[in-house]
Amino acid sequence: MRIREVEISDDMIRLGQFLKLAGLAENGAHARELVEEGDVTVNGRVESRRGAQLHDGDVIAVGEEKTRLVATG
């Protein structure tokens, strides 16, 4: 499966924000639901904190869709 890269201009981004930016969640409420239901993994581990900090190279997955964070800042 291909991993789609998503660029941000800062060093880090919070998980909830990233889910919206990457199109993995429709809005903040949807992002919260995904995290609370255990549907989100970061680097292969279920992440239960919507405010978790993500950094360059982290791989975020929701279901079968995988994205890699690319920090350009």
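Colleague: Which residues does asparagine 43 touch, leaving aside those up to four places away in sequence?

Modeller: Asparagine 43 touches Gly57, Asp58 and Val59. This is a predicted model, and asparagine 43 lies in its loop between β3 and β4. Between asparagine 43 and valine 59 the C-alpha to C-alpha distance is 5.0 Å, although the two are 16 residues apart in sequence.

Colleague: Is asparagine 43 buried or partly exposed?

Modeller: The limit for buried is under 20% relative accessible area. Asparagine 43 has 45% relative accessibility and therefore counts as partly exposed.

Colleague: How should I read the charge of aspartate 58, and which side chain of opposite charge is nearest?

Modeller: A salt bridge requires a side-chain nitrogen of Lys or Arg within 4 Å of a carboxyl oxygen of Asp or Glu. Aspartate 58 is buried and has no salt bridge; arginine 68, the nearest side chain of opposite charge, is 8.7 Å away. A polar atom of the aspartate 58 side chain does lie 2.8 Å from the backbone nitrogen of histidine 55.

Colleague: How many salt bridges does the count come to by this rule?

Modeller: The count comes to 2 salt bridges. One is formed by glutamate 65 and arginine 4, with their closest N and O atoms 2.9 Å apart. This pair links distant parts of the chain, since glutamate 65 is in strand β7 and arginine 4 in strand β1, 61 residues apart. Glutamate 65 is partly exposed at 36% relative accessibility, and arginine 4 is partly exposed at 27%.

Colleague: What is the partner of glutamate 47 in a salt bridge?

Modeller: Glutamate 47 pairs with arginine 49, the closest N and O atoms again being 2.9 Å apart. Glutamate 47 is buried, with a relative accessible area of 13%, whereas arginine 49 counts as exposed at 51%.

Colleague: Let us turn to the sheet. What is the order of its strands?

Modeller: In general, strands of a sheet pair through backbone hydrogen bonds, in either the parallel or the antiparallel sense. Here an open sheet of 5 strands runs in the order β1-β7-β6-β3-β4, and its pairing is mixed. The edges are β1 (4–8) and β4 (45–46); each has a single partner strand, so one side of each has no neighbour in the sheet.

Colleague: In which sense do β1 and β7 pair?

Modeller: Strand β7 (residues 65–71) pairs with β1 in the parallel sense, over 5 bridges. Within this pairing, isoleucine 8 stands opposite alanine 71 in β7. By contrast, strand β6 (residues 59–62) pairs with β7 in the antiparallel sense, over 4 bridges, and alanine 61 has lysine 66 in β7 as its bridge partner. Strand β3 (residues 40–42) is also antiparallel to β4, over 2 bridges; there the bridge partner of threonine 41 is valine 46 in β4.

Colleague: How many residues lie between β6 and β7 in their hairpin?

Modeller: There are 2 residues between them, and glycine 63 in the turn has a positive phi of about 65°.

Colleague: Which residues of helix α2 are buried?

Modeller: An α-helix has 3.6 residues a turn, so residues three or four places apart point the same way. In α2 (residues 28–36) the buried residues are Ala31, Leu34 and Val35. They cover an arc of only 95° around the axis, which puts them on the same side of α2. These buried residues pack against α1 (15–21), β3 and β6.

Colleague: What is found at the start of α2, and what just after α2?

Modeller: At the start, a side-chain oxygen of asparagine 27 reaches to within 3.1 Å of the backbone nitrogen of alanine 29. Just after α2, glycine 38 takes a positive phi of about 75°.

Notes: Residues are numbered from 1 along each chain as its sequence is written. This is a predicted model: local features need pLDDT of at least 70, side-chain atom pairs count only at pLDDT 80 or more; totals for chains, interfaces and linings use all residues. Side-chain values use heavy atoms; hydrogens and water are left out. Two strands pair if DSSP finds at least two bridges between them. Buried means under 20% relative accessible area, exposed over 50%, partly exposed in between (1.4 Å probe, protein chains only). Contact means heavy atoms within 4.5 Å. The arc is that of the directions from the helix axis to the C-beta atoms. A polar contact is a pair of N or O atoms within 3.5 Å; within protein, one must be able to donate a hydrogen and the other to accept it, and residues adjacent in sequence count only if both atoms are side-chain atoms. Lys and Arg count as positive and Asp and Glu as negative; His and the chain ends are not counted.
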